[in-house]
Amino acid sequence: MLLIKNIGLLQTPVGSFKHGGEKQGENLKLKNAAVLIDGGVIKSITSDGELPDGCEGAQVIDAAGKLVTPGLIDCHTHMVFGGYRQGEIPLKLRGAGYLDILRAGGGILDTVRKTRQASEEELFDKTMGFLDEMLSLGVTTVESKSGYGLDEENELKMLRVNKKLNESHRIEVVSTFLGAHAIPDEYKGRAGEYIEMLCNDVLPVVKAEGLAEFCDIFCEDEVFDVEQSRRMLSAAQALGLPSKIHADEIEEIGGASLSGEIGAVSAEHLIATGEKGMASMAKGGVIADLLPATSFYLNKTFAPARRMIELGIPVAIASDFNPGSCPSLNLQLAMSMGYITYRMTPEEVLSAVTVNAACSIGREKLVGTLEEGKQADLVIWDAPDMEMLVYRFGSNLAKTVIKKGEVVHG
Ligand code: NIG
Ligand code: FE
């Protein structure tokens, strides 16, 4: 047993459901709290200086009056990739846009070449390093998308890396199939045929081998259009893989509207989303996975988070860690950006990286809140409250990270 005592402020959303609208900012706040953990699970939580019954003999951690929250959940990453793309920045400084670089065979396609060259072991070792860094930042659950293989062999290779990472690292890794991340050179001008190949040849293997829990697609101008996205995501749904969709990252071509129509779990990015797309998301109960560090890195505007909250759309915030549009895996940084650029309150930001992120990857019954019976994933912060945490942007304030009741950092 483990007892964490002398918690100045324990702050957490409550419940295993999407927190939209007014609920987005509803957090339980307990002062002078303690948490008793047994077998990796939260046994009880007390406040006002009381200690939980039966805590005698437990190993004790003194939180020294600091803030404790649930472990952070990064619900959108592309963390498995070969190489890096620092060479794109000079091109961008000279005026090239994200889609210009992709059209010229760079961008995602550059990472595809490097990822195809890398062995499963090389990708695994590299990503284990990223996961170590994430854990030190307070992240205890991560989603990981494929999408730099773009053929059967290499997409499956990436997904097997996800599986092995999940088995090997303390962080839990939730795998998403994003075979439709770009049109590979071999299918240039034949996006529809590429989608058919994914649906007919690759998806059944992904399903049969249990290599992914979700299917995603990059629905974007010059990449995959709305009808191709509908085809891909419906085929996956028919196999029991719920949908995610990269929608309106650069241009608003209807991805957000589609997400509501097909009952996607989440629509992600949404930088360019307008009223029609948001209305569809609100109607369909779709979570908005927002990625502010990507807006910053692409020098774009920021998703209309406040309007989404007004419409009752549950908002999650994630890093989007990838070698092109967001080479930062620092979810704390993304939280600060959510605070400052989205104008979300510290409470809304906390729900965005815990309970709503958990809902976005199907883990809401296990993680995302601090409640009796939930997995004991939590962080002791070097901060007295959430306000301080989101204000100190760029610093790592995670003091002690606990995963399934064990100290894994600090
Ligand atoms: O979420 N937009 C598509 N996918 C990633 C970027 C991938 C890349 O540039 O390598 C994103 O921004
Ligand atoms: Fe992404």
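A cavity, in the sense used here, is a set of grid points where a 1.4 Å probe fits among the protein atoms but cannot get out. With that in mind, let's walk through this predicted model, starting from the inside. The largest cavity is the space that ligand 1 takes up.

Who are the neighbours of this ligand? Ligand 1 has 15 residues around it, and the closest are Tyr 98, Tyr 148, Glu 249, His 269 and Ser 325. Sorted by class, this shell holds four nonpolar, eight polar and three charged residues.

Glu 249 places a side-chain N or O atom 2.5 Å from a nitrogen atom of ligand 1. On the oxygen side, a side-chain N or O atom of Tyr 98 lies 2.6 Å from an oxygen atom of the ligand, and for His 78 the corresponding distance to an oxygen atom of ligand 1 is 3.2 Å. As for cover, on its own ligand 1 has 330 Å² of accessible area, and the protein covers 100% of that.

His 78 also leads us to the metal. Its NE2 atom coordinates the iron ion (ligand 2), together with His 76 (NE2), His 246 (NE2) and Asp 320 (OD), at 2.1 to 2.4 Å. Along the chain, the donor residues follow the spacing H-x1-H-x167-H-x73-D. His 76 sits in the loop between strand E6 (72-74) and helix H1 (88-93), while His 246 belongs to strand E10 (residues 244-247), so this pair ties together parts that are 170 residues apart in sequence.

Note on methods. Residues are numbered from 1 along each chain as its sequence is written. Chains are lettered from A and ligands numbered from 1 in the order in which they are written. This is a predicted model: local features need pLDDT of at least 70, side-chain atom pairs count only at pLDDT 80 or more; totals for chains, interfaces and linings use all residues. Side-chain values use heavy atoms; hydrogens and water are left out. A residue is near a molecule or strand if one of its heavy atoms lies within 4 Å of it. A polar contact is a pair of N or O atoms within 3.5 Å; within protein, one must be able to donate a hydrogen and the other to accept it, and residues adjacent in sequence count only if both atoms are side-chain atoms. Accessible areas come from the Shrake-Rupley method with a 1.4 Å probe; for residues, only the protein chains shown count as cover. On a 1 Å grid over the protein atoms alone, a cavity is a set of points where a 1.4 Å probe fits but cannot get out, and a pocket is an open set with protein on both sides within 12 Å along at least five of seven lines; lining residues have an atom within 4 Å of a point. A molecule sits in a cavity or pocket if more than half of its atoms lie within 2 Å of its grid points. Ala, Val, Leu, Ile, Met, Phe, Trp, Tyr, Cys and Pro count as nonpolar, Asp, Glu, Lys and Arg as charged, and the others, Gly among them, as polar. Donors are N, O and S atoms within 2.8 Å of the metal (3.2 Å for Na, K and Ca); water is not among the atoms, so sites may look incomplete. Helices (H or I, at least four residues) and strands (E, at least two) are DSSP runs, numbered from the N terminus.
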